[in-house]
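User: Please guide me through the reading of this model, taking one kind of feature at a time. I would like the general idea before each case.

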Amino acid sequence: MTLKVFSACALLVTTVAHAEDYLDIVSSYHHDLPIYGTQSTHFVDAFNAISTNVQFRRHDPGKLVPASQALEAVASGQVDAAFSVAGYWWDRLPAAILFSSFPFDFDPGGRLAWLLEGNGGALYQEMYSRAGYDVKVLPCGLNPGETSGWFRSEITSVEDLDGLKMRIFGLGGEVMEKLGVETRKLLADELSYAIKTGELDGAEFGTMAADVFLGLHENANYVYFPSWHQRSGTTELLVNGATWERLPDMARHAMEITCLSNITLNMADAEMANARAYRQVRAAGQVEFRTWSPEILAAFEAAWNEVVAEKVALDPFFARVWKDIEAFRSEREGWLAVSKSQH
């Protein structure tokens, strides 16, 4: 259905066969990875269908530059653009993780509202500019909550976490470390085998559909919810600053509009892809679904409060962004309480 829509859009504009400008865009995810990789191909296909004088050429991670160096490659002009997540740069930009995902995060609607209606979008651009990265950033994808982890053994108490070896992304990893978990950094396609061999006791990567695509369900016995560590996530489009400035207004507007469209398509795709993956795992009957106990969730939240306090004390810009997030959530919480109440 999506490709038919893109084809129909293409009929509404002048042919792109004589595009004057070709931009190389690198993705941090392989094109066939559900939700994460496919949203970059959706963006490129949609933009190329409506843009008459600028076209993107998409490249999988590692084809032009390593995924870990995409920000520097775009800022330096080595490539024109990247489709990635800000959380990948948090080792050099501590606040970047807040624009990607963090424990006890916004729900997807709240994250989008903060970025588009609150101060999130302006702070997002300021983060890159103040650090000297010559890039234009656009939110270009919105991911729903992830699975909380696939484990070899059942976890019934906080004590069961002590000594576990786990792959977990971002600040959720620092939360787990405070509870005695040994966190490991492994590539996505290594995770299932690492659980099978016992190198890992558990792992989280992404949403249900992406995890099933990677085979995490094949060697785990339990999967846990809810997604306390990443309730939502932003995918970003980074464009080299000089490239952005030289593009015609129509091309810049087309990128902005296509990113908004991509967010909508991404959320719809994720809802159905995750539902199908859930049914697949349920039907196989190998993995048992579990909910974190109130005791364990309270321990996660207490550890998170410690982590975020440490980050606020260490980095002034992190502190500024966090203060804005708290103010935005406070402004919204009354409405959320009313809208979710029973009448």
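**Salt bridges and accessibility**

Analyst: Glu-182 has a relative accessible area of 41% and is therefore partly exposed. The model is a predicted one, and this value is computed from it. The class follows from the cut-offs: a residue is buried under 20% and exposed over 50%, with partly exposed in between.

User: Which side chain meets that of Glu-182 in a salt bridge?

Analyst: The partner is Arg-184, with an N to O distance of 2.9 Å. Arg-184 has a relative accessible area of 27%, so it too falls in the partly exposed class.

User: How many salt bridges does a search of the whole structure find?

Analyst: The search finds 18. One of them pairs Glu-154 with Arg-290, whose closest N and O atoms are 3.0 Å apart. Glu-154 belongs to the loop between strands E5 and E6, whereas Arg-290 belongs to strand E11, so this pair ties together parts that are 136 residues apart in sequence.

User: Are Glu-154 and Arg-290 buried or partly exposed?

Analyst: The relative accessibility of Glu-154 is 36%, which counts as partly exposed. For Arg-290 the value is 25%, again partly exposed.

User: With which residue does Glu-288 form a salt bridge?

Analyst: Glu-288 also bridges to Arg-290, and here the closest N and O atoms are 2.5 Å apart. Glu-288 is partly exposed at 37% relative accessible area. Elsewhere, shared partners link Glu-72, Asp-91 and Arg-92 into one salt-bridge network.

**Strands**

User: What should I bear in mind when reading side chains along a strand?

Analyst: In a regular strand, side chains alternate between the two faces of the sheet. In this structure, strand E1 covers residues 21–27, and six of its seven residues are buried, so the strand is largely enclosed by the rest of the structure.

User: In what sense do E1 and E2 pair?

Analyst: They pair in the parallel sense, over six bridges, with E2 spanning residues 54–59. Within this pairing, Val-26 has His-59 of E2 as its bridge partner. E1 is also joined to strand E3 (residues 81–84) by three bridges, and these two strands run parallel. There, Ile-25 is partnered by Ala-81.

User: What unit do E1, helix H2 and E2 make?

Analyst: Together they make a right-handed β-α-β unit, in which H2 comprises residues 36–50.

**Contacts and cores**

User: Is Thr-258 buried or exposed?

Analyst: Thr-258 is buried, because its relative accessible area is 3%. Thr-258 lies in helix H10, residues 249–284. Leaving aside residues up to four places away in sequence, Thr-258 touches Phe-43, Ala-46, Phe-47 and Ile-50.

User: Which residues touch the most other members of the largest nonpolar core?

Analyst: Tyr-128 and Phe-300 do, in a core of 60 residues. Elements that each supply at least two residues of this core include helix H5, strand E4 and helix H12. The largest share, seven residues, comes from helix H11.

User: What does Phe-300 touch?

Analyst: With residues up to four places away in sequence not counted, Phe-300 touches Phe-104, Leu-161, Val-175, Met-176, Leu-179, Trp-228 and Trp-292. A second, separate core has 27 residues, among them Leu-200, Leu-216, Ala-273 and Val-281.

Methods. Residues numbered from 1 in each chain as written. Predicted model: local features only at pLDDT ≥ 70, side-chain atom pairs only at ≥ 80, totals over all residues. Heavy atoms only, no water. Buried < 20%, exposed > 50% of the residue type's maximum accessible area, 1.4 Å probe, protein only. Helix = DSSP H or I, 4+ residues; strand = E, 2+ residues; numbered from the N terminus. Pairing = 2+ DSSP bridges. Right-handed = clockwise from strand over helix to strand, strands pointing away. Salt bridge = Lys/Arg side-chain N within 4 Å of Asp/Glu carboxyl O. Contact = heavy atoms within 4.5 Å. Core = buried A, V, L, I, M, F, W, Y, C linked by side-chain atoms within 4.5 Å.
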